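Visitor: Please take a close look at one loop for me, and then connect that loop to the parts around it.

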Amino acid sequence: MTTDQDDSRQVVVRLDDVHKEYGEAKALDGMSLTVHAGDAVAVMGPSGCGKSTLLNMVAGLDRPASGTVQVHGQDLGKLNETGLALFRRRHIGMIFQFFNLIDDLPALDNVALAAQLTGTPARQARRRALELLDELGVADRRDVYPAALSGGERQRVAVARALMNRPALLLADEPTGALDSRSGEQVMDLLIDLNQIGQTLLIVTHDQHLATRCADRLVEMADGHVVRESSLEPAP
Ligand SMILES: Nc1ncnc2c1ncn2[C@@H]1O[C@H](COP(=O)(O)OP(=O)(O)OP(=O)(O)O)[C@@H](O)[C@H]1O
Ligand SMILES: [Mg+2]
């Protein structure tokens, strides 16, 4: 949506020389990345190159061994665990390959819970949840439990949940990886629409088609760091 030359735009994500090991495995090894407001960035790379670890760092679910992670102007290293949890709930939306919905709650409550956790009163949260389910075309599934939803419906409910608190940043880890191609296309359409109204996206995928359709910038990783960055032509 925006050009690389225009650096007056607000920085939403900045990783600087981040390192993270799990035992012998170097999950991130000198990872640096900047994402501006309104960007749609796709991250690709071989299995094990550190893509999910990157998203976990940005979401404050994991901490670097060294280097800094700044999101929405906040140095995540300066927050304690409670601060990180609050920051994540307020400013980050996440969607996953396998949805991560709560099995014991119907669709509407799965979505509303995200706002209730930040202190929004239940009625208000449910009202916004229903609006989002409606916008995403699954309002009629509001009382259905995740087990009885199709994969595409589950992912739309998960997107609604991720958007509840109007996050500065939407993170997606293989958001279409568990979907049939038709549901996958619908989720891609959704991501494109969200980006067009200004939502910043950071999407991890193995799917070149998803990257080309949904992102304006491709970041290729190998061995825990960026090996190539390129801009992508907007989808016709
Ligand atoms: N919690 C963990 N405990 C131990 N090792 C881990 C953990 N998380 C990641 N790793 C290791 O760190 C490296 C990077 O993992 P990561 O999950 O980030 O890769 P990925 O690029 O997301 O791979 P995939 O495409 O298969 O999802 C791998 O070697 C992995 O085995
Ligand atoms: Mg992964």
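**A loop and its surroundings**

Guide: Glu174 is found in the loop between strand E7 and helix H6; helices (H or I, at least four residues) and strands (E, at least two) are DSSP runs, numbered from the N terminus. The model is predicted, so local features need pLDDT of at least 70 and side-chain atom pairs pLDDT 80 or more, while totals for chains, interfaces and linings use all residues. Residues are numbered from 1 along each chain, chains are lettered from A and ligands numbered from 1 as written, and side-chain values use heavy atoms, without hydrogens or water.

With a relative accessible area of 11%, Glu174 is buried (under 20%; exposed is over 50% and partly exposed lies in between, with a 1.4 Å probe and protein chains only). Its phi is near 50°, a positive value in a residue other than glycine.

Glu174 also leads us to Thr205, which touches Glu174 along with Val43, Met44, Leu210 and Ala211, leaving out residues up to four places away in sequence (contact means heavy atoms within 4.5 Å). Thr205 sits in the loop between E8 and helix H7 (208–214), and its relative accessible area of 1% makes it buried. The side chain of Thr205 reaches the backbone nitrogen of Asp207 at 2.8 Å, a polar contact (a pair of N or O atoms within 3.5 Å, one able to donate a hydrogen and the other to accept it; residues adjacent in sequence count only if both atoms are side-chain atoms).

Now go to the other end of strand E8 (200–204): Gln199 is in the loop between helix H6 (181–196) and that strand. Gln199 counts as buried at 12% relative accessibility. A polar atom of the Gln199 side chain lies 3.2 Å from the backbone oxygen of Pro167. Setting aside neighbours within four places in sequence, the contacts of Gln199 are Asp39, Leu163, Pro167, Ala168, Leu169, Leu170 and Leu194.

Arg166, however, is exposed, with a relative accessible area of 60%.

Of the 10 residues of H3 (107–116), 7 are buried, so the helix is largely enclosed by the rest of the structure. Those buried residues are Ala107, Leu108, Asn110, Val111, Ala112, Ala114 and Ala115.

Asn110 has a further partner in Pro146, which also touches Leu101, Ile102, Asp103, Leu105 and Arg154, not counting residues up to four places away in sequence. Pro146 lies in the loop between H4 and H5 and, at 3% relative accessibility, is buried. Pro146 and Val157 are 11 residues apart in sequence, with their C-alpha atoms 8.9 Å apart.

To step back to the whole protein, there are 7 helices and 10 strands, and 48% of the 236 residues are buried. The C-alpha trace spans about 45 × 45 × 40 Å along its principal axes. Of the contacts between residues at least 6 apart in sequence, 67% join residues at least 24 apart.
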